[in-house]
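Biologist: I'm new to this one. Can you put it up and walk me through it?

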Amino acid sequence: MNKILEAKNINKFFHDPVRIQVLADLTFSINKGEFVSLTGKSGCGKSTLLYVLSTMDTDYEGTLFIDGEEMPKKNEAFLAKIRNEKIGFVFQFHYLLNEFNVLENVMLPGLKLNKYSREEVEHRAMEKLKILGIEQLALKKSNHISGGEKQRVAIARALINDPHIIMGDEPTGNLDKKNSDLVFDIFNKLSDEFNQTLLIVTHDPSFAERTHRIIHMEDGKILP
Amino acid sequence: MRNKLLVSIAKSLLLARWKQTLVAAVGVTFSITMFITLLSFMSGLNDLLDGLILNRTAHVRIYNDIKPNKNQPINSNAAYKNAHNFIGSIKSDASRQAIYNSAAIMETIKKDTRVLGLSPKVTAQVFFNDGSIDITGSIFGINSTEESKLYHFDEYVTAGNSADLDNVSNGIILGKGLADKLLVGIGDAVQITTSKGDRFQLKVVGTFQSGIKDFDNVQSYASINTVQKILSVPKDYITSIQVKLKDITQAPKVAKEYEQLFQTDAEDIQTANSQFETGSSIRTLISYSVGITLLIVAGFGIYNILNMMIFEKMDSIAILKATGFSGNDVKRVFIYIAISIGFFGGIVGLLFGFGLSATIDQIPFNTASLPTIKTYPINYNPKFYMIGIVFSLITTYLAGWFPARKASKIDPVVIIRGK
C-alpha cells in the first residue's frame with residue numbers, strides 16, 4: 001500500500017509553565033484512500049498531533065514523512081509549499097475571507113499553487129463546488145451564506161489543489177445534526193468516489209464509527 | 001502571477017477598510033503637499049534674496065586694490081635677506097587704479113572656456129550738484145548690453161531704457177533715491193563735479209531700483225565712454241573687469257589663477273558674499289527638516305492603521321498561511337498595502353503641492369525695494385517633486401515593514417487552536 005503520511009517516534013512537549021509531554025513516541029502511518037478518524041478525550045493531544053502532522057507546528061521530536069518525503073523543521077517557505085500542494089485543511093471554524101466571494105475563496109490556494117491558468121483554476125473551483133452541491137453560491141459574498149454552507153465552501157477550498165490528504169480539526173464541531181451528516185456524507189463520497197485520503201479529528205463517536213479506521217488516543221499515546 | 005495574486009489580496013484588504021486607508025493616504029497627501037509647497041516657496045525666496053546680490057555680482061572681479069607695495073626696498077637688500085623687517089608708517093603706493101593692459105587681459109579671459117562672459121567697468125567718484133547742495137555719489141561706466149545679458153541690469157531699470165546709455169550721448173541712469181533727492185526725471189539734466197574739479201552736464205535717460213536702498217541713493221550708471229570722458233582718461237582705462245563663469249563653484253580657483261596670471265587683484269563671489277550662502281543653506285535645511293517631520297508623522301499614522309488591520313485580519317492571515325502562503329508572502333501583502341498608500345497619497349500630494357504653490361505664486365507681493373517682483377516667488381524645481389515622492393515611498397515602506405513583519409510571524413496554529 002502507498003503510504004501518504006508516516007510518523008516515526010513523534011514526541012512533543014509543552015514547556016510553559018512546566019515541561020509536560022503531550023505526544024509520547026507516536027509511530028503510525030496512513031495509506032492512500034483511507035478515511036481515518038482521530039478520537040480521544042479533550043486534552044489527549046489529538047489536535048496537537050494533527051497540527052504536527054499538518055507541518056504548521058514544527059516544535060516536535062521525531063520524523064514526519066508526507067508522500068515519502070521527510071519534512072524539514074526549519075524551512076518555513078518549503079513547508080508552506082507542501083501545505084499548499086499536498087494538504088487540504090478543514091477547521092472547526094470556516095476561515096473564509098470576507099473580502100472575497102465564495103468562488104474566489106475556493107480559488108485562492110489554487111492561484112497560489114500557480115500550476116494552472118486563472119481560467120482553469122476558476123473552472124476547477126466550479127467543479128469542486130458542484131461536487132459539494134453549492135455551485136449556485138459561487139458569486140455570493142462569503143459572509144452572506146449560512147454556517148453549513150460556509151463549511152462546505154471550506155471543504156471545496158481544501159480540495160482545490162487535489163491534495164494527497166485532507167486534514168480536518170473537528171469540522172462538524174460547530175454544525176447541527178443535519179449539517180454534520182451532510183459534511184460526513186461529503187467526506188464519505190470523496191473517499192468512495194475519488195479515493196481521497198482523509199484524517200479527521202473528532203470527538204463525535206457516531207462520526208468516528210462510520211469511518212474506515214479509528215485512531216484512538218489517550219494521554220498522548222495511541223491505544224491499540 | 002504570484003505577485004499578481006498578492007497584489008489582488010492587498011487590494012481587497014485595502015478596499016475592505018477604505019475609510020482607514022483614506023485617512024492614512026490623506027496624512028501622506030497632506031505632508032507631501034506641505035513639503036512641496038514649503039520647499040518651492042522657501043527656495044523661491046532664497047533665489048530671490050540671492051538674486052538681489054548674487055545675480056548682480058561678478059563671479060570673479062579683477063581690479064587693482066589700493067594697498068602698500070609688497071616689495072619694499074629693504075627686502076631687496078642682500079644684507080637683511082634672512083631677517084624680518086618691521087617698517088612703520090608705510091603708505092599705500094600711488095599706482096594707478098586702472099588695470100594695466102586691460103584689452104589684452106579681456107581678450108585672454110574671453111578665450112577661457114569656463115567663462116560665460118565679462119563686462120568691463122569704470123568707476124568714477126563724483127558730486128551731484130543740486131543748487132547749493134553737493135551729493136556724493138559714484139558713476140559706473142558700463143557696457144549696457146553686456147551688463148544686461150550677464151547681470152540683468154535691464155530688470156532693475158524701472159523707468160527709461162537701459163540701451164539708451166549707448167544711444168544718447170552723455171546719458172545717465174540714476175538710482176531712484178538719488179533721482180528723488182535731485183528732483184529730476186527722464187529728459188532732465190544733472191550737473192556733476194569730478195574729484196578733480198571738472199564740471200559736466202549729463203542727461204537722465206532712466207532710473208533704477210536695485211532693491212537695496214543704500215545703493216539707489218548713491219549710484220548711477222553711464223556708458224564707459226561717458227565715464228572715461230568725465231575722468232579725462234584714455235579709452236583703455238578700465239578699473240575692473242566683471243567675469244561671469246559657467247559654474248559659480250569654480251570662482252575661487254579661477255580668481256586665484258587670474259591673480260597669478262595678470263598680476264592684479266581678483267576676488268571671487270564666495271569670499272565677497274559668504275553670508276548669502278550660509279543663509280540659503282540654513283533656510284533649505286529648515287524646510288527639509290519640517291517636510292521630513294511631517295512625513296514621519298504620516299508614517300506613524302500608516303503604522304498604526306496597518307497594525308490595526310493586522311489585528312483585525314488575524315484569522316485571514318492564519319488561513320492564508322495554513323493553505324500555503326509563506327510568511328514572506330504575507331509580509332509582501334502588507335508592504336504592498338503600505339506602499340500603495342504612500343504612492344497614491346504621494347501622487348495626490350504632489351498635485352496638491354503644485355496647486356498650492358501655483359496659488360501662492362498668484363498672491364500679490366509688492367515691495368518698493370523689489371521692483372521686478374509682483375507676486376510671491378515660487379521655485380518649481382522638479383527635484384522637489386522627485387524628492388517628495390521618493391520620501392513618501394520610503395517612509396511608507398518603513399512604516400509598513402514592521403507591521404508586515406509582525407504579520408509574517410503570526411503562528412496559524414495559535415490562532416486556529418485559540419478559537
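Predicted model: local features only at pLDDT ≥ 70, side-chain atom pairs only at ≥ 80, totals over all residues.

Biologist: How many residues of chain B are in contact with chain A?

Modeller: 23 residues of chain B, with 23 of chain A. Contact means C-beta atoms, placed from the backbone, within 7 Å.

Biologist: Which helix gives the most to that side of chain B?

Modeller: H13(B), with six residues. Helices here are DSSP runs of H or I, at least four residues, numbered from the N terminus.

Biologist: Switching topic. Which residues have the most contacts inside the largest nonpolar core?

Modeller: That core has 113 residues, and A:Leu38, A:Val106 and B:Ala338 are among those with the most contacts. A nonpolar core is a set of buried Ala, Val, Leu, Ile, Met, Phe, Trp, Tyr and Cys residues joined through C-beta atoms within 7 Å. Buried means 20 or more other C-beta atoms within 10 Å of the residue's own.

Biologist: What does B:Ala338 touch?

Modeller: Leaving out residues up to four places away in sequence, its partners include B:Ile302, B:Leu306 and B:Tyr397.

Biologist: And the domains of chain B?

Modeller: Domain 1 is 2–54 + 276–418, and domain 2 is 58–71 + 95–272. Those bounds come from an automatic or database domain assignment. Their centres, over C-alpha atoms, are 51 Å apart.

Note on methods
Residues numbered from 1 in each chain as written. Chains lettered and ligands numbered in written order. Buried ≥ 20, exposed ≤ 12 C-beta atoms within 10 Å, placed from the backbone. Contact = placed C-beta atoms within 7 Å. Helix = DSSP H or I, 4+ residues; strand = E, 2+ residues; numbered from the N terminus.
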